[in-house]
Amino acid sequence: MALIEAGEVTVGVLALPVCEQIAVGWRGGGAWLHATGLAPRRIRTRKLADPTTPTITLSRFHHASDLDALLARLPGHQALVRGAGLKWVALADGEADLYPRLNTRMCEWDIAAGHLLLEEAGGQFRDGQGRAFRYAQGCKDWRITAFLAQADRDYDWYTALQLGV
């Protein structure tokens with residue numbers, strides 16, 4: 001669930017019932033993980049240790065040939081297969097480096113909460129052309145065709161992976 005104001009996500013909440021956790025973030029307030037029986041803790045992304053061996057979050061069910069081509073350019077990658085919200089939390093909490101979706105039919109509401117959590121934890125979210133994503137801009141059917149979410153906002157994955165070229 002997310003609140004969008006003037007094209008930007010200002011509040012995001014991801015419920016992770018399988019882990020008995022809730023991830024919460026708000027613009028300027030950081031990203032926080034609440035787990036049953038534990039005090040809430042602030043979560044942060046990690047710096048990329050080695051661009052030849054990134055940990056990449058992948059979907060259990062959505063795998064396309066363009067993603068296979070991207071993964072082939074990173075033969076040393078480690079795959080972290082997770083369900084929906086768990087991919088975002090893995091990035092925001094320093095378990096993973098990259099979440100690529102190069103050919104997707106996701107809607108804005110599918111990614112808004114994760115987008116905010118990632119950025120508040122120190123990461124970066126870009127559209128398929130490498131631009132900052134703006135919400136509610138009247139796009140056709142609210143679909144997102146591609147995106148790249150990354151833990152280390154200082155590393156240029158678009159150039160490294162030759163995306164958008």
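This is a working chat about a predicted model of one protein chain.

Me: How many helices and strands are in the chain?
Reply: The chain has 4 helices and 12 strands. The model is predicted.

Me: What radius of gyration does the chain have, and what would a compact globule have?
Reply: The chain has 15 Å, which agrees with the value near 15 Å for a compact globule of 165 residues. Along its principal axes the C-alpha trace spans about 40 × 35 × 30 Å.

Me: And what share of the residues is buried?
Reply: Buried residues account for 46% of the 165. The accessible surface of the chain is about 8,500 Å², with 54% of that belonging to carbon and sulfur atoms.

Me: What about contacts between residues at least 6 apart in sequence: how many join residues at least 24 apart?
Reply: 61% of those contacts do.

Me: Change of topic. How many salt bridges does the structure hold?
Reply: There are 8 salt bridges. One of them pairs Arg 27 with Glu 120, with the closest N and O atoms 3.7 Å apart.

Me: Is Glu 120 buried or exposed?
Reply: Glu 120 is buried, at 14% relative accessible area. Arg 27 and Glu 120 also belong to a network of salt bridges that includes Glu 119.

Me: Which residue does Arg 41 pair with?
Reply: Arg 41 meets Asp 93 in a salt bridge of 2.7 Å, N to O. This pair links distant parts of the chain, with Arg 41 in strand 5 and Asp 93 in the loop between helix 2 and strand 8, 52 residues apart. Arg 41 is partly exposed at 40%.

Me: And Arg 46, what does its side chain meet?
Reply: The side chain of Asp 97, in a salt bridge of 2.9 Å, N to O. Arg 46 lies in the loop between strand 5 and strand 6 and Asp 97 in the loop between helix 2 and strand 8, so the pair ties together parts 51 residues apart in sequence. Arg 46 is partly exposed at 28%, whereas Asp 97 is buried at 6%.

Me: Which residues make the nonpolar surface patch?
Reply: Leu 3, Val 11 and Trp 26 make the patch, which covers about 250 Å². Trp 26 is in strand 3 and is partly exposed at 39% relative accessibility.

Conventions. Residues are numbered from 1 along each chain as its sequence is written. This is a predicted model: local features need pLDDT of at least 70, side-chain atom pairs count only at pLDDT 80 or more; totals for chains, interfaces and linings use all residues. Side-chain values use heavy atoms; hydrogens and water are left out. Patches are made of residues with over 30% relative accessible area and no salt bridge: like charges are joined within 9 Å, nonpolar side chains (Val, Leu, Ile, Met, Phe, Trp, Tyr) within 5 Å. Accessible areas come from the Shrake-Rupley method with a 1.4 Å probe; for residues, only the protein chains shown count as cover. A salt bridge is a side-chain nitrogen of Lys or Arg within 4 Å of a carboxyl oxygen of Asp or Glu. Helices (H or I, at least four residues) and strands (E, at least two) are DSSP runs, numbered from the N terminus. Buried means under 20% relative accessible area, exposed over 50%, partly exposed in between (1.4 Å probe, protein chains only). The radius of gyration is taken over C-alpha atoms; the globule rule is 2.2 Å times the number of residues to the power 0.38. Contact means heavy atoms within 4.5 Å.
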